[in-house]
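Subject: Structure handover

Hello,

I am passing this structure on to you.

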Amino acid sequence: MTDLTADEARRIILRAQGFLGAAARAGGVPAMLRRVGAVQLDTISVLARSHELVAYARLGAVGRDSVERAYWDSPARAFEYWCHAACVLPIEQWPLYDFRRRAFRERRFRWHEVPPVVDKVLEQVRSDGPLTTADIGGSKNGGPWWDWSDTKIAIEWLLDIGEVVCTRRVGWRRVYELAERAVPAELLGLDLSDAECVTRLTGIAGRALGVATRADLADFTRVKGAHGALLDEALLSGAAGLVPVRVSGWPARRGGGASGPNAWADPAALDGEPRGRHRTTPLSPFDSLIWERARAERVFGLNHRLEAYVPRDKRVHGYFAMPVLAGGRIIGRVDPAREGATLVARQVGFEPGARARDVTAMSDALWEAASWVGCADVRVERVGTPELEAPLRAAVTRDPR
């Protein structure tokens, strides 16, 4: 068993996630997607949509069109499915979600009852696909967003059970196609048991996270119950390819004792000390580096929640506050917006103990992000750390270009 300090674990995690060292930027967006294993999708778009921000955070000012091509292209390089949440996943992972597709098929229910029109919708995709929801009758009945039409419920159910797949989007709308036409035949032909699926996905999660607790690994692919037991078996047997480690300062594993292992690691991640340049960047709240709150607090001391759905008068950090990573640590948060060609930092806050170099890093992060989205200026509105307000405003005023 390997003993790690919390700082060593943090650096291993940063390297595994692509934030430390030049090697992480090799291969562009397709390689980045395979490195992180899953990129969460979300409808909110401030500077850009979250799936674009994930690529930018690791690769810098990558072309936004290249991000789209890496996710949604023909032939399929990726597909959308349920992992940690709704995610873009490398197409090679298609067979690994058979366990979830089988579970959905057995339940025949998720958020809505499956309507009788489902067979008709499948035949429509078979004869006329690929199709969007607009092509098959619309997505809503006219009420709230969750008031789906029967055709929307049907097509999403067909997606859940793997009859159809989304491998591209048009104008942010999913394009649905028969899986047998969109997924490579060699992947469709694989027939994996639930145990094989969960074992392989546990290994992917472990490599993507670098160092992770059992809870972190289960959260990555949201397995529980019988599937959670398969994860445990894959870890304890070694089939997932991960090794037990003990990270000082991390909570003890239940039933493992204070001196026992409390996490799992990718053996390759333990090989050699993580070295290289750290990325300085704002992070989407849905980035896999911080998407799980307990892990973000354990690794970075970051207590963060998305406040987009919190009433305005109750928000602390802002509508879409983005934690800012610099030097391998979270130095603060910024709530961004765009007004024409200006990136507006509606609210900036620094973490306790912030120093002068953190002010410079925050300014650099704002200017680089502004340039990436085509903004020519940066304006700071509110600074929640009074002693650093004047230095930050002065730093932002000095255009670094």
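In which loop does Trp 172 lie? Trp 172 sits between strand S5 (164-170) and strand S6 (173-178). Helices (H or I, at least four residues) and strands (E, at least two) are DSSP runs, numbered from the N terminus.

Some background before the rest. This is a predicted model, where local features need pLDDT of at least 70, side-chain atom pairs count only at pLDDT 80 or more, and totals for chains, interfaces and linings use all residues. Residues are numbered from 1 along each chain as its sequence is written, and side-chain values use heavy atoms, with hydrogens and water left out.

Positive phi values

Trp 172 is not a glycine, yet its phi is positive, near 70 degrees. Its relative accessibility is 22%, so Trp 172 counts as partly exposed. Buried means under 20% relative accessible area, exposed over 50%, and partly exposed in between (1.4 Å probe, protein chains only).

Arg 222 also has a positive phi without being a glycine, at about 55 degrees. Look for Arg 222 in the loop between helix H11 (214-221) and helix H12 (225-237). Arg 222 is partly exposed because its relative accessible area is 44%.

Cis peptide bonds

Ser 74 and Pro 75 are joined by a cis peptide bond, with omega at about 5 degrees. Pro 75 belongs to the loop between helix H4 (64-71) and strand S3 (78-82).

Gly 129 to Pro 130 is a cis peptide bond too, with omega near 5 degrees. Pro 130 is in the loop that runs between helix H6 (118-128) and helix H7 (150-161).

Best wishes
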